[in-house]
Amino acid sequence: MPDTETESVKTESFLGDDAGLQLSELSFLDLGDLRTEAQHLSHALEAAKNETAMLEKYISRLDSKDLVPIPSTEEGMSSMDFTMARGRRRSKSRGLIADRMHALTVEQKCDIAQRELDETKGEVEKLKQHSDVFMQNHKAIMEEADVRLTEIKKAVAEFERDVVKPALKKKSSVITSEKVMRYIEEKMRAKDMLTDKLRLKIVSLKVQKKKLQMQLRQKDEIGEVLHEVDFQQLKIENSQYLERIDERNHDLLHLKLTAGNTILILTSYKKKLQCATDESNMLDREIAQRHDMLRKIEIETQQVEEVRDKAETQNKKLCRQLSDYQVPPVFDYVQDKMENTDLEKSIKAWERKVEIAEMSLKTYRKAWDQMRMASN
């Protein structure tokens with residue numbers, strides 16, 4: 001059974017001479033004991049494989065000048081070079097027992113394990129730093145996405161407030177292109193102004209960065225090296241400045257919202273002022289028309305007063321004539337009676353006209369007083 005012999009020889013190469021001598025006694029054991037021994041051997045083989053893998057990792061990190069023989073503390077144990085232990089492959093024809101490797105001591109194993117542990121901690125620290133940078137980049141991307149989403153929501157709300165809602169209030173389902181173009185132009189101007197501000201801010205930050213680099217270079221030249229405490233203080237100051245920047249951004253957003261509401265209120269007051277101006281112009285025109293009408297009425301009233309004065313004078317004259325009247329002949333009496341009747345009719349007509357004129361004058365004066373009180 002050549003395979004069984006090969007496995008036993010390999011097992012001896014890992015377990016040493018004592019284990020190889022004990023294998024000759026396994027033939028006298030029963031099946032259960034053989035299984036137990038096989039399990040122990042498999043565990044020992046697995047541990048040896050792990051030690052070999054760790055040793056190969058350790059050797060792969062070393063340079064050729066660092067590969068020095070590891071001294072053995074046991075008596076009668078020869079020195080082995082790690083390069084020979086790594087590159088050598090045994091041949092069955094030479095005899096595996098003669099080329100068997102000596103096991104490492106506990107101190108050597110602890111030294112290699114400690115170095116591997118340090119290397120693993122360094123790799124873990126590097127991975128942690130890389131993951132921190134990766135997380136910070138993703139947090140920055142998420143914050144930028146949140147800011148952009150907020151800006152988009154704000155732009156949508158402003159578009160609905162400035163363009164869509166006024167069109168719906170006017171009961172017109174079609175939004176005029178002029179309003180949309182005006183709104184877009186205003187937004188483009190605002191973006192240009194923001195771009196200019198950010199460009200100026202970037203320029204100022206670059207100047208500040210150059211100043212800080214110059215100061216750092218001067219400190220390096222002088223020999224003032226920053227310690228960990230200084231970096232921690234700079235981190236604290238940076239966090240404080242970031243909090244202040246967030247507060248200023250929040251205040252700026254609040255001021256922008258206040259300015260938007262103020263613009264809306266100002267627009268409504270402008271509309272009310274325009275309506276009041278139009279109404280005032282209309283009332284001024286109506287007042288001018290009423291003034292013209294009043295002048296005409298006053299002229300007509302003056303004419304009527306003159307006619308009435310003439311009629312009263314004539315009436316008085318006639319009354320005096322009647323008082324001094326002597327009985328004329330019948331024919332004269334009839335003729336005078338007819339003239340008197342005609343005169344009385346004309347007097348009544350004129351009196352009626354005067355009454356009508358007085359009533360119209362009262363009406364116009366009343367309307368004029370009402371207009372003057374309304375205008376005041």
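Here is a walk through this structure, from the overall fold down to a few single residues.

Keep in mind that the model is predicted, so local features need pLDDT of at least 70 and side-chain atom pairs count only at pLDDT 80 or more, while totals for chains, interfaces and linings use all residues. Residues are numbered from 1 along each chain as its sequence is written, and side-chain values use heavy atoms, with hydrogens and water left out.

Start with the whole chain. The protein chain has 8 helices and 0 strands, where helices (H or I, at least four residues) and strands (E, at least two) are DSSP runs numbered from the N terminus. Read along the sequence, that gives α-α-α-α-α-α-α-α. Of the 376 residues in the protein chain, 10% are buried; buried means under 20% relative accessible area, exposed over 50% and partly exposed in between, with a 1.4 Å probe and protein chains only. Take the contacts (heavy atoms within 4.5 Å) with a separation of 6 or more: 61% of them join residues 24 or more positions apart.

Now look at one helix pair. Two packed helices are described by the angle between their axes and the distance between the axes. Helix α3 (residues 31–61) packs on helix α5 (residues 106–169) at about 65°, with the axes 10 Å apart. That makes α3 roughly perpendicular to α5, a label that covers angles of 65 to 115 degrees. The axes here are lines fitted to C-alpha atoms, over the stretch in contact for helices, and angles run from 0 to 180 degrees between N-to-C directions.

Which residues meet there? From α3 come Glu-51, Met-54, Leu-55, Lys-57, Tyr-58 and Arg-61, and from α5 come Lys-109, Ile-112, Ala-113, Arg-115, Glu-116, Glu-119 and Glu-123. That contact splits into 5 nonpolar, no polar and 8 charged residues. For the classes, Ala, Val, Leu, Ile, Met, Phe, Trp, Tyr, Cys and Pro are nonpolar, Asp, Glu, Lys and Arg are charged, and the others, Gly among them, are polar.

Further along, Glu-158 also sits in α5. Is Glu-158 buried or exposed? Glu-158 is buried, at 15% relative accessible area. Setting aside residues up to four places away in sequence, Glu-158 touches Val-163, Tyr-183 and Lys-187.

Over in helix α7 (residues 228–323) you'll find Val-307, which counts as partly exposed at 28% relative accessibility. Val-307 and Val-354 are 47 residues apart in sequence, yet 9.0 Å apart in space, C-alpha to C-alpha.

Last, the cysteines. Cys-110 is partly exposed at 48%, and Cys-275 is exposed at 53%. A search of the whole structure turns up 0 disulfides, meaning pairs of cysteine sulfur atoms within 2.5 Å.

How values were computed: Angles under 35 degrees count as roughly parallel, over 145 as roughly antiparallel, 65 to 115 as roughly perpendicular and the rest as oblique.
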